Amino acid sequence: MPATAAARKTPGAASGAGRSLTDVQRKLHSLGLLTADDCILHLPLRYEDETRVVSIGSLRPGAVAQVEGEILRSEVLYRPRRQLTAVMADGSGELQLRWLNFYPSQQKQLAIGRRLRARGEVRGGLFGREIVHPRMGSAETALPDALTPVYPSTDGLSQPSLRKAIAQALQQADLGDTLPPAALQRYELMAFEPAIRLLHAPPPGVSEQDLVERGHPAWRRIKFDELLAQQLSLAAARAARRIIKAEPLPTQNGPGGLVARLYAALPFQLTGAQQRVVQEICADLGKPYPMHRLLQGDVGSGKTVVAAIAAAQAIACGAQVALMAPTEILAEQHFRKLVSWLQPLGVNVAWLSGSQAAKARRQAAASAADGSVQLVVGTQALIQDHVEFHRLGLSIVDEQHRFGVGQRLALTRKGEAPRGQVVPHQLNMSATPIPRTLAMTFFADLDVSVIDELPPGRTPVVTKLVSDSRRDEVIAHIAHAVREGRQAYWVCPLVEESEALQLQTAVDTYEAMRTELPDLRLGLVHGRLPQADKAAVMQAFRDGDIDLLVATTVIEVGVDVPNASLMVIEHAERFGLAQLHQLRGRVGRGTAESVCVLLYQSPLSQVARQRLRAMFETSDGFEIARRDLEQRGPGEFLGTRQSGMALLRFADLESDVGIAEQARDAAAWLRAEHPAAVQAHLARWMRGREDFLRT
């Protein structure tokens, strides 16, 4: 059931008009703790056991313990530096206490003969066992009957203040269960109130390890609730989209139609997987509510032609199409292909990017606004305020995870204003396959199409791990391959020298290669190169006028040169796993055997070693994505770094797959059988997060 109005006040909040927040309340707000409901879901990072006292004689270095004894002596020493010291004894031994920074009040507390408690990490010092900066308390106070929680905090907000606010919230908030008894029985869950109270104040008998590792049944209930709220929110967003109107863009049957003529003009046949996803997308386009589909496929699987067919279907119905890509090189690659396929069929295709001259940008924007172009391809320039569309029916976003959620929505909204409540269909594309756990959770509101088959003629890429000490051998191998008529990439992580990262830069590498390989034709491309120069270099490489292209990661996506069959990635240990996989996908596009050399510098960190091992062991994009998820988390797949919103606070996408599957099942069951429980659960868990999950 929803929290009561009283529970929605900030714990300890001042009442009455004109009263300002206290410093503690401001700190709580900075943590996102605006109400009692927020506070009860602010759970401990770890716990301290202050429920018992141990003898000084039993202490061992490295242990965190609480002892009780009499102060035998205390003094301020000045060598080697000013410090406060005291000695405590309990009959079983003596313990040195030491403070490097202290207040006069602390010195007064350590009166000789006084019985105190001290807690902290035990060290083996020069004068026996000691605790540095112990937490002190009176021996006369009763020991707590629960473990002491340690919460995530912020600068200036003490643990006692945070504990007090959360204890007050537990008294104010409605802790009634949002789930019906049948759900607790069906999914073997603890009731919410005992679970949340146990996590905030666990009794001494509870395994501290189970609590810290989040394996306790109370933690299982919290994870289930969080994942259930997410599933319910996504299901609600999906249902809400079914109510919104979109212009139906059905397939135009007949041999003279644009789609049929496109099929006839293509110089290749679609794979079975491509044909399957085309049918799924084209069926969605014909519906009166907006398509919200993710098209995913590994590097080189042929997503662009699928997008072209979808665009052709929309254009045949009189609608406009916008395709947005994250980089100019990728956007230009799409533009070239779409122009070659669609322009001969009478489709006007426009190009819009930030690097264009102002006049060209104005012309492209005017053509989109008056409807004289049917397809506009570009970068983030497409979502600028001055860009409008006459009748946008389909928005396509490539490499969707590289855009912020707001940017993806901005393109779709370009089609909303002119026609009121009618919104465009949306197709997101990604060459980074989404791991199953991620698809099951954060993409549960999307329809997903997967191209799981590579076009014929693609050759497997051999991946080699080579130490930087063998650099000369690699250069000699490149020279030999180029002289046999092949082309090669040499990828560097930086453009200019960095003192922080002593890496070989693209500019330095280019100059060095010109000296070492004087008979080869070299090119250089990087992000700071003017777009016209960048385009000229890339065209020369496509035309075979450049043998070796030295580049930064601007070639990560969107570069398709079949004759380029060798790639060297300099300082491969500095790249992300998904990025390495994308770069490797630039070779192996022709019939020649292709090789990707990962040139690394020792010593390798454990993470870098795992990353390179994954690249060596598999070329399966889904397996690469799974391992990348393990290493970096879901933010890279979702494009949420700009949002600043935590994805999951308690559940883990790798270890809690079983709970996620139960939450997905529960979401469907509750929506069908217990709609009141759905609203109550969302009220508790999703305040302030609905818009984020709807994206």
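Which residue takes a positive phi just after α18? Select G544: its phi is about 85 degrees. Please note throughout that this is a predicted model.

**First stop: helix α18**

Now select residues 531-542, which form helix α18. Its 12 residues reach 16 Å from the first C-alpha to the last, close to the 16 Å expected at 1.5 Å a residue. Colour Q531, K534, A535, V537, M538, A540 and F541, which are buried in this helix. The elements that cover these buried residues include α12, β17, β18, β19 and β20.

Display next the open sheet of six strands, whose order is β16-β21-β20-β17-β19-β18, with parallel pairing. Strands β16 and β18 stand at the edges; each has a single partner strand, so one side of each is left without a neighbour in the sheet. On average, neighbouring strands of this sheet are turned by 15 degrees against each other, direction ignored.

Within the sheet, select β17 and β19, which pair in the parallel sense over four bridges. Here W490 stands opposite V550 in β19. Bring α18 back into view: this helix lies across β17, β18, β19 and β20 and runs at about 140 degrees to β18.

Is H334 buried or exposed? Select this residue in helix α12 (residues 328-342). H334 has a relative accessible area of 4%, and is therefore buried, as the cut-off is under 20%. Leaving aside neighbours within four places in sequence, H334 is in contact with T304, L323, A325, V377, D398 and M429.

Finally, select residues 83-89, strand β3. Seven of its seven residues are buried, so the strand is largely enclosed by the rest of the structure. In a regular strand, side chains alternate between the two faces of the sheet. In β3, Q83, T85, V87 and A89 point one way, while L84, A86 and M88 point the other way.

Strand β2 (residues 64-77) pairs with β3 in the antiparallel sense over seven bridges, and E75 stands opposite T85. A hairpin of five residues joins β2 to β3. Strand β4 (residues 94-99) runs antiparallel to β3, joined by six bridges, with V87 opposite Q96. Four residues lie between β3 and β4 in their hairpin, and G91 in the turn has a positive phi of about 95 degrees.

Key: Residues numbered from 1 in each chain as written. Predicted model: local features only at pLDDT ≥ 70, side-chain atom pairs only at ≥ 80, totals over all residues. Heavy atoms only, no water. Helix = DSSP H or I, 4+ residues; strand = E, 2+ residues; numbered from the N terminus. Buried < 20%, exposed > 50% of the residue type's maximum accessible area, 1.4 Å probe, protein only. Contact = heavy atoms within 4.5 Å. Pairing = 2+ DSSP bridges. Expected span 1.5 Å × (residues − 1). Axes fitted to C-alpha atoms, helices over the stretch in contact; angles between N-to-C directions.
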